[in-house]
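Visitor: Can you walk me through this one? I'd like to start with the ligand and then look at charge pairs.

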Amino acid sequence: MIKKALISGITGQDGSFLAEFLLAKGYQVHGIVRRASTFNTERLDSIYADPHEQSARLYLHYGDVTDGSGLRHVIAKVQPHEIYNLAAQSHVRVSFDQPEYTGDVVAIGTLRLLDAVRDYIQNTGQQIRFYQAGSSEMFGASKPPQSEATPFYPRSPYAVSKVAAHWYAVNYREAYGLFISNGILFNHESERRGETFVTRKITRALARIKLGLQQKLFLGNLDARRDWGYAADYVEAMWMMLDAADPGDYVVATGESHSVREFLEAAGDRCGLDWKSVVETDPRYLRPTEVDYLMGDSSKIRKTLGWKPKVSFEELVHLMVDHDLELALQELTLAKAGHKVVVRGSSHG
Ligand code: NAP
Ligand code: F7E
């Protein structure tokens, strides 16, 4: 029997890594994509196959977690064994600009999916295992190291919504006996990270500055500390949670914390660039309430499921910088050939 997984948020950073991981494990993978006026499946290009091909194992379905009836149609059509709920308005600062929308997608969107799963199981008798993408942002102002026993103290509309989603998931597990696991994942990055998150904003900008395509990088708070891991390692943890004998809640983290300044230092070194001469502060990137210090204690998943990160902080910075230097080189080639190269990073995020 071929296992079928349904991923909401498949076009995002984690969705693309998870889809690749599950395809390599032999799964048939289905993803929910939002209709957009431009193509939004760029991160899936390397694994996309024409669904008309006999060998195709990746299928995309239009849907949105703000549209409950559409979600129910997709679940009924796909009949998945596992659902990974990764869909989110995932930018913390943007959640202060769009608090209501963020709540609708992140909190109520999760509830819509859970309720659709509950009905599907009750009506068909077929089981679905459910993964909920929780976040270290839920710990917010709680002191490090943060573990499953640390109280939540969310500091943004995004984080409050993730806490609500977490508790919806716990409640559906306990009330209806469903196999639902919450991952509480600390920051994880990659060469596919959205360009408005600080790590990628930095590596994109420093690489462009190095090649003369950009002059300055505008950032907010450089003192915030994060526990940064590599996204490909973290999607394996998601799968391990659904492959386990029992459902549960797990912190996923490296256990190492670095400031934004330290990330800049490491990325600047890799580029051969003095970052202090090109970085300026812009208050628009500050948050009304900041999360100062995240460092995860992931002993539970290491002991119970045998997960551990493979890529170190230095390796992560290097792979992101090297990738973005290559991208900047391509942009330089285009610029020299007379094409307009648009630099967005310094005015977003
Ligand atoms: P991401 O790159 O921002 O991807 C988010 C995905 O959600 C995209 O595919 C996006 O589609 C989709 N989406 C947004 N609104 C939607 C809606 N209304 N209906 C359906 N899909 C929607 O985020 P990520 O870094 O891959 O993170 C994946 C999940 O893990 C998110 O839930 C995030 O909050 C959570 N998380 C991330 C981290 C991290 O460090 N990366 C840590 C902890 C938790 P479009 O491509 O169309 O925008
Ligand atoms: O900010 C500071 C900023 O936006 C990290 C999401 O995936 O991880 C992510 O949320 C830190 C913050 O990530 C800029 O103030 C300084 O302290 O890269 P970020 P995040 O807020 O930690 C968690 C786990 C999630 O769940 C989220 O979905 O960097 N910072 N200057 C800046 N941040 C940004 N974005 N841009 C700046 O210019």
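Guide: This is a predicted model. An N or O atom in the side chain of Tyr158 is 2.6 Å from an oxygen atom of ligand 1.

Visitor: How much of ligand 1's accessible area does the protein cover?

Guide: On its own ligand 1 has 900 Å² of accessible area, and the protein covers 90% of that.

Visitor: Which elements give two or more residues to the shell?

Guide: Helix 1 (13–24), helix 4 (99–124), strand 5 (129–135) and helix 5 (157–176) do. Strand 5 gives the largest share, three residues.

Visitor: And what do Asp14 and Asp64 do there?

Guide: Asp14 has a backbone N or O atom 2.8 Å from an oxygen atom of ligand 1. With Asp64, a polar side-chain atom lies 2.8 Å from a nitrogen atom of the ligand.

Visitor: New topic. How many salt bridges?

Guide: The count comes to 21. One of them joins Arg192 and Glu20, whose closest N and O atoms are 2.9 Å apart. Arg192 is in the loop between strand 7 (188–189) and helix 6 (198–210) while Glu20 is in helix 1, so the pair ties together parts 172 residues apart in sequence.

Visitor: Is Arg192 buried or exposed?

Guide: Buried, because its relative accessibility is 18% and the cut-off for buried is under 20%. Glu20, at 23%, is partly exposed.

Visitor: What about Asp115, which residue does it pair with?

Guide: Asp115 forms a salt bridge with Arg118, at 3.3 Å between the closest N and O atoms. The two are three residues apart in helix 4, so about one helical turn separates them.

How values were computed
Residues numbered from 1 in each chain as written. Chains lettered and ligands numbered in written order. Predicted model: local features only at pLDDT ≥ 70, side-chain atom pairs only at ≥ 80, totals over all residues. Heavy atoms only, no water. Polar contact = N/O pair within 3.5 Å; in protein donor to acceptor, adjacent residues only side chain to side chain. Areas by Shrake-Rupley, 256 points an atom, 1.4 Å probe, with all protein chains shown as cover. Helix = DSSP H or I, 4+ residues; strand = E, 2+ residues; numbered from the N terminus. Salt bridge = Lys/Arg side-chain N within 4 Å of Asp/Glu carboxyl O. Buried < 20%, exposed > 50% of the residue type's maximum accessible area, 1.4 Å probe, protein only.
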